[in-house]
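Work through the exercises below with the sequence and the model open. Try each task before reading its solution.

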Amino acid sequence: MELDETDRSILRILQEDARTPFSEVARRIDMSSATVHDRVNRMEEAGVIEGYHAAIDPKAIGYGVSAFVGLRVEQGREEDALERLREIDGVREIHLTTGEWDVMLKVVAADTDSLRELMFDRVAEMEGFSRSQTMIILGTDYEGAGPPV
């Protein structure tokens with residue numbers, strides 16, 4: 001789908017706050033609400049807009065520790081390993097990567113004891129991984145709300 005500057009303006013506004021009413025989006029880009037609604041529908045149908053989500057602070061709901069985890073996957077075990085990782089509650093993101101690690105996870109846990117339990121009792125016990133490295137996130141300076149539009 002080819003996006004024009006108006007589509008991009010709509011995306012930037014929704015990316016900043018997905019709850020912005022179409023009437024407010026329309027006012028900000030000097031367009032009718034109906035046209036904004038039509039353009040948003042078109043972008044949803046084309047898969048440009050994949051969904052609308054609440055941004056939740058993990059610490060506010062009891063997850064005080066976040067970490068990145070690098071995993072080396074044994075050849076031929078990738079699909080089974082990824083399937084099992086998706087079933088672990090603390091795993092928030094799974095990325096296939098190049099370089100030293102085949103897979104990078106972002107995980108959350110209540111505390112370091114819970115993180116140790118997640119890593120030793122859940123991930124390390126899974127077949128298909130030959131090596132891992134856990135890097136606790138000390139702080140996040142910036143976290144974007146999606147790709148630049």
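**Exercise 1: A threonine in a loop**

The side chain of Thr20 reaches the backbone oxygen of Asp17 at 2.7 Å. This model is predicted: local features need pLDDT of at least 70, side-chain atom pairs count only at pLDDT 80 or more, and totals for chains, interfaces and linings use all residues. Residues are numbered from 1 along each chain as its sequence is written, and side-chain values use heavy atoms, with hydrogens and water left out.

Task: State where Thr20 lies, and decide whether Thr20 is buried or exposed.

Solution. Step 1: locate the residue. Thr20 sits in the loop between helix 1 (5–16) and helix 2 (22–29). Helices (H or I, at least four residues) and strands (E, at least two) are DSSP runs, numbered from the N terminus.

Step 1: apply the cut-offs. Buried means under 20% relative accessible area, exposed over 50%, and partly exposed in between (1.4 Å probe, protein chains only). Thr20 has a relative accessible area of 10%, so Thr20 is buried.

Step 2: list the neighbours. Contact means heavy atoms within 4.5 Å. Leaving out residues up to four places away in sequence, Thr20 touches Ile13, Leu14, Val25 and Arg28.

**Exercise 2: Two helices and an arginine**

Task: Classify the packing of helix 1 and helix 3, then describe the surroundings of Arg39.

Solution. Step 1: read the geometry. Helix 1 and helix 3 (residues 33–45) pack at about 85°, and their axes are 11 Å apart. Axes are lines fitted to C-alpha atoms, for helices over the stretch in contact, and angles run from 0 to 180 degrees between N-to-C directions.

Step 1: classify. Angles under 35 degrees count as roughly parallel, over 145 as roughly antiparallel, 65 to 115 as roughly perpendicular and the rest as oblique. Helix 1 and helix 3 are therefore roughly perpendicular to each other.

Step 2: name the contacting residues. Helix 1 contributes Thr6, Asp7, Ile10, Leu11 and Leu14, while helix 3 contributes Val36, Arg39, Val40, Arg42 and Met43.

Step 3: look at Arg39. With a relative accessibility of 17%, Arg39 counts as buried. Its side chain is joined to that of Asp7 by a polar contact of 2.8 Å. A polar contact is a pair of N or O atoms within 3.5 Å; within protein, one must be able to donate a hydrogen and the other to accept it, and residues adjacent in sequence count only if both atoms are side-chain atoms. Among the residues that Arg39 touches are Asp4 and Met31.
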